[in-house]
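Subject: Structure handover

Hello,

Here is the structure we talked about. Please open it and keep it beside this email as you read.

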Amino acid sequence: MPTTTAGVDQAAERLLDAADTGTPCAPVRDLIGPDDVAAAYAVQRRLTARRTAAGARTVGRKIGLTNPTVQAQLGVASPDFGVLFDDMPVEHDGTVAAGRLLQPRIEAEVAFVLGADLDGPDLTDADVRAAVDHQRAALEIVDSRIAGWDITFGDTVADNGSSGLYVLGPEQVGLDRTNPVDVTMTLRRGEETVSSGAGEACLGHPLAALAWLARTARDLGEPLRAGEVVLSGALGPMVPVTPGDAYSAHITGLGDVAVTFAKETP
C-alpha cells in the first residue's frame, strides 16, 4: 500500500519530537515503509522546510551509503543524501559539547567545496570535476534520532541521512594535487587506530559519489550551488563516540582533521 501523506506527516513529527526532546524515538518505517524512496525523502523535505522556516540555512549536502557492504546490509543499491545546515560545522580541533547529540558516531571522509553551480542538463564527469574548488579532510559526526540505530534505508533517509555535525580540516587541496581515489585514511581515538580505509571505498571514487549527488539533486530541482560543502562518504567504518575522547584523522594528501567530545557531567 502506498505511503499516505498522513504517514509522512507522522514520521516527520516523530523525528522532530526526538530531536526537540533529546529522546530517541522508534523507527519510522512503520509509517513510511523500509524502502519507499519517495516517502523517505518527502519526510526529509518536511524536516528541512521546518528548519529553514526557523532560520537555518543550507550550506551543503552529505552522501551516505557509499560502501557496498553497508548497501547490502540495508538492501539498497544506491547511496542516499542529507542536508547540511549552518549550525552543523565544528571548528578543526574544536570541542563538541556534552549532550549536543543523541547517539553520535564518527567517520572520516573527503569533503568537496564547490566553486561553481552543478545545475546543467547533462552534467558530465568533467563538469563535476571542474566545479570542485578544493577538497579537504573531514570528519562526519553522524547521529540518529532513532533509538539504538535501528534503521532501514527509509529510516535513515527520513532522518536527514542520520546527520549530526561535521569538521573540515585546515588544508585546502586542489584536485590537481591529490586524486581523492588514491588517498588512504587513518582515524584515531587518542593514539589508538579505530578505523582505516581508502578513497576507493567511497563508491569506487569520491568524485563518482559527488557526480551521483549532483545529478540526483539537479533532478529533484535542488541543484548543488557554488560555495556548498559536500561530504562524499565514509572511507572506513564508522565508530561510536566516547564522551571525553579526542578523535583525529589523517588522509594522505589532504592532511589532518581533529575534534574532541566533552565529558558528560554526572
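Predicted model: local features only at pLDDT ≥ 70, side-chain atom pairs only at ≥ 80, totals over all residues.

Cysteines first. A disulfide is a covalent bond between the sulfur atoms of two cysteines. How many disulfides does the structure hold? The count is 0. Look at two of the cysteines anyway. Cys-25 has a relative accessibility of 10%, so Cys-25 counts as buried. Buried means under 20% relative accessible area. Cys-202 is buried too, with a relative accessible area of 0%.

Next, the rings. A pair of aromatic rings is described by the distance of the centres and the angle of the planes. The count here is 3 aromatic pairs. One of them joins Tyr-247 and Phe-261. Where do the two residues sit? Tyr-247 is in strand 12, residues 246-251. Phe-261 is in strand 13, residues 255-261. The pair therefore ties together parts that are 14 residues apart in sequence.

Ring pairs link Tyr-41, Phe-81 and Trp-212.

Last, a charge and a ring. The charged end of Arg-51 sits over the ring of Phe-85. The distance from that charged end to the ring centre is 4.2 Å.

Best wishes

How values were computed. Residues numbered from 1 in each chain as written. Heavy atoms only, no water. Disulfide = S-S within 2.5 Å. Buried < 20%, exposed > 50% of the residue type's maximum accessible area, 1.4 Å probe, protein only. Phe/Tyr/Trp six-rings, centres within 6.5 Å; stacked < 30°, edge-to-face > 60°. Helix = DSSP H or I, 4+ residues; strand = E, 2+ residues; numbered from the N terminus. Lys NZ or Arg CZ within 6 Å of the ring centre and 35° of its normal.
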